[in-house]
Amino acid sequence: MLLEGKNVLITGASRGIGRATAIECARHGADVALNWFKDRAGMEETLAEIARLGRRAVEVEGDVARPESAERFVSAAAAALGGVDVFVSNAGICPFHAFLDTPIEVFERTMGVNLHGAYYMSQAAARHMKQQGTGGALIAISSVSALVGGGMQAHYTPTKAGVHSLMQSCAIALGPYGIRCNSVMPGTIATDINREDLADPAKRAYMEKRIPLGRLGEPRDVAGCVVFLASDLARYVTGASVLVDGGLFVNLQ
Ligand code: NAD
Ligand code: RM4
């Protein structure tokens, strides 16, 4: 029970890594506030899982790319749960497109959701934590793609480098308030975001061969790392980025 008594806010919690993070946090004793967008059915499933674990959950609909969603989410969560201890910026999109053919709208939307959204949300959460005066933790779901390119992801990889950098700057700005800021860098985790991409058996087999641990990741692999960073076990960890990729990044040969 690493998160007993903590309130954890998570964006994009209706499925995938966000849902697994909500469940893992609840399993460790946290109450959760969950942002969702256009996926009511998925959100209901996440809420049912949290209820089964006997923890409190509040859900708040909102597009993270809109600045007003941030204050709405944080204040609704604080009012319902009684405070904000941990904020996880997870919501993200990755429409695969070749660089030369990527429409400007796809680039702008990907930046808006993945980078602007994480910025607005982290700022709103940190303002609340500062006012609360009890410290806290910000965690951004970055990616191994912050460190390497992706041929079909030129509009996506800069957003992941961006949130990694955002957490580094936040670590400096918010350290004096006892707010730790870190990012998690997942490798290839099988979720809806890459379902089509990984449907190609050759692509999947190539990935599995390249990953030293021999398998694609599961959402709960990432969630475990988030729980650690959110917990007091990580009390001296800030400005860090943790790869959760089965060894993919170091396997250059
Ligand atoms: P997913 O598609 O299963 O989940 C994405 C979640 O974000 C969904 O709940 C979706 O509804 C939500 N979302 C999308 N746009 C939103 C918006 N505008 N406002 C609020 N919520 C929104 O994908 P996932 O793999 O679980 O992705 C979660 C995060 O993990 C993303 O930031 C992604 O970039 C990152 N990531 C994923 C992988 C991977 O291989 N799956 C690897 C590295 C990083
Ligand atoms: C990640 C990484 C994964 C890809 C997802 C969509 O950041 O690039 O390989 O599956 O994005």
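The lining of the second largest pocket divides by class into 6 nonpolar, 7 polar and 5 charged residues. Here Ala, Val, Leu, Ile, Met, Phe, Trp, Tyr, Cys and Pro count as nonpolar, Asp, Glu, Lys and Arg as charged, and the others, Gly among them, as polar. This is a predicted model, in which local features need pLDDT of at least 70 and side-chain atom pairs count only at pLDDT 80 or more, while totals for chains, interfaces and linings use all residues. Residues are numbered from 1 along each chain as its sequence is written, ligands are numbered from 1 in the order in which they are written, and side-chain values use heavy atoms, without hydrogens and water.

The second largest pocket has a volume of about 240 Å³. Of its 18 lining residues, Gly135, Gly136, Gly178, Arg180 and Asp232 are the closest to its centre. Strand E5 (136-141) and strand E6 (179-186) each supply at least two residues of this lining. Helices (H or I, at least four residues) and strands (E, at least two) are DSSP runs, numbered from the N terminus.

How is such space found? Rolling a probe the size of a water molecule over the atoms shows where empty space is left. On a 1 Å grid over the protein atoms alone, a cavity is a set of points where a 1.4 Å probe fits but cannot get out, and a pocket is an open set with protein on both sides within 12 Å along at least five of seven lines; lining residues have an atom within 4 Å of a point. Grid points are joined across faces, edges and corners, and a volume is the space filled by probe spheres set on the points.

The structure holds 1 cavity of 30 Å³ or more. The largest cavity contains about 70 Å³ of space. Its lining has 14 residues, and Ser89, Asn90, Ala91, Asn114 and Ala118 lie nearest its centre. H4, E5 and helix H5 (157-174) each give two or more residues to this lining, with the largest share, 5 residues, coming from H4. By class, the cavity lining has 8 nonpolar, 5 polar and 1 charged residues.

Next come the ligands. A residue is near a molecule if one of its heavy atoms lies within 4 Å of it. Around ligand 1 there are 29 residues, of which Ile17, Asn90, Tyr156, Ile189 and Thr191 come nearest. Helix H1 (16-27) and helix H4 (104-132) each supply at least two residues of this shell. Polar contacts (pairs of N or O atoms within 3.5 Å) can be followed residue by residue. An N or O atom in the side chain of Tyr156 is 2.6 Å from an oxygen atom of ligand 1, and for the side chain of Lys160 the distance is 2.8 Å. The protein covers 96% of the 820 Å² of accessible area that ligand 1 has on its own; accessible areas come from the Shrake-Rupley method with a 1.4 Å probe.

Tyr156 is also one of the residues surrounding ligand 2, which include Cys94, Phe96 and Gly187. The shell around ligand 2 has 4 nonpolar, 6 polar and no charged residues. An oxygen atom of ligand 2 lies 2.7 Å from an N or O atom in the side chain of Ser145.

Technical notes. Polar contact = N/O pair within 3.5 Å; in protein donor to acceptor, adjacent residues only side chain to side chain.
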